[in-house]
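The following questions and answers examine how the parts of one protein chain are arranged. Please consult the sequence and the structure while reading.

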Amino acid sequence: MTERLLVLSRHGESEWNLKNLFTGWKDPGLTDKGVEEAKAGGRRLKALGISFDIAFTSDLSRAQRTCDLILSEIGQPNLETIRDWRLNERDYGDLSGLNKKETADKYGDEQVHIWRRSYDVPPPGGESLKDTVARVLPYYVETILPRVMRGERVLVAAHGNSLRALIMVLDHLDSTTIPSLELKTGVPLVYRLNADTTVASKQVLEG
């Protein structure tokens, strides 16, 4: 029986998560806590006996490091890993690098909330969640999903918003519910798919 296993993991806490900064396509590293979160996620996967045939990650180092740490914990440090910019975090444009509280003080809480939590309103010079979905989903459908459906066990280590795009499809969420979905750093989501690509089961591997 074909397993059709897909594991999604947001990167561990980054230096800019800790500082409450808009990150987007900027490239800060993981904090010590973020490293431990990624390792803990790997240990939880190992405890379930999960291993992988292929991994995917973004062009950003916090996701790549998380992917490497997970794979090391499960004893697959040299697994083939494909990096692609289409799995990058949402681009926050002119907000990138700014403190979230200071930005709210400058533009107003309501405007910043719209930029952060609306589906189709982009921040200045950046991407909306809708824009992010428009680049992530075709990559998933064309490149990642076919491997899962062939029975390969697939790990995707990426970002809050690029993973929201995948979860929107997997969990049948819509544009009104997906922006408020919270993904914890370093916590793997284990999906097993049916033959028609729908979700057979989902596990959230929290500590």
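Axes are lines fitted to C-alpha atoms, for helices over the stretch in contact, and angles run from 0 to 180 degrees between N-to-C directions. Helices (H or I, at least four residues) and strands (E, at least two) are DSSP runs, numbered from the N terminus. This is a predicted model, in which local features need pLDDT of at least 70, side-chain atom pairs count only at pLDDT 80 or more, and totals for chains, interfaces and linings use all residues. Residues are numbered from 1 along each chain as its sequence is written, and side-chain values use heavy atoms, with hydrogens and water left out.

Q: At what angle do helix 6 and helix 7 pack, and what is that arrangement called?
A: Helix 6 covers residues 129–149, and its axis lies 8 Å from that of helix 7, at an angle of about 70 degrees. Angles under 35 degrees count as roughly parallel, over 145 as roughly antiparallel, 65 to 115 as roughly perpendicular and the rest as oblique. The two helices are therefore roughly perpendicular.

Q: Which residues of helix 7 make the contact with helix 6?
A: Contact means heavy atoms within 4.5 Å. Helix 6 contributes L129, T132, V133, V136, L137 and Y140. From helix 7 come N161, S162, R164, A165, L166, M168, V169 and L170.

Q: How many nonpolar residues does the contact of helix 6 with helix 7 have?
A: Ala, Val, Leu, Ile, Met, Phe, Trp, Tyr, Cys and Pro count as nonpolar, Asp, Glu, Lys and Arg as charged, and the others, Gly among them, as polar. By these classes the contact has 3 polar residues and 1 charged residue, and its nonpolar residues number 10.

Q: At what angle do helix 4 and helix 5 pack?
A: Helix 5 spans residues 109–117, and its axis is 6 Å from that of helix 4. The pair is therefore classed as oblique. The packing angle is about 125 degrees.

Q: Which strands stand at the edges of the sheet?
A: Two strands pair if DSSP finds at least two bridges between them. The open sheet has 6 strands in the order 3-2-4-1-5-6, with mixed pairing. Each edge strand has a single partner, so one side of it is left without a neighbour in the sheet; these are strand 3 and strand 6.

Q: Which residue of strand 6 is the bridge partner of V190?
A: Strand 5 (residues 188–193) pairs with strand 6 (residues 199–204) in the antiparallel sense over 5 bridges. Strand 5 also pairs with strand 1, again antiparallel and over 5 bridges, and there V190 stands opposite V7. In strand 6, the partner of V190 is Q203.

Q: Which residue in the turn between strand 5 and strand 6 has a positive phi?
A: These strands form a hairpin, with 5 residues between them. A positive phi of about 75 degrees is found in this turn at T197.

Q: Which residue just after helix 4 takes a positive phi?
A: At the start of helix 4 (residues 100–107), a side-chain oxygen of N99 comes within 2.9 Å of the backbone nitrogen of K101. Just after the helix, a positive phi of about 100 degrees is taken by G108.

Definitions and conventions:
Polar contact = N/O pair within 3.5 Å; in protein donor to acceptor, adjacent residues only side chain to side chain.
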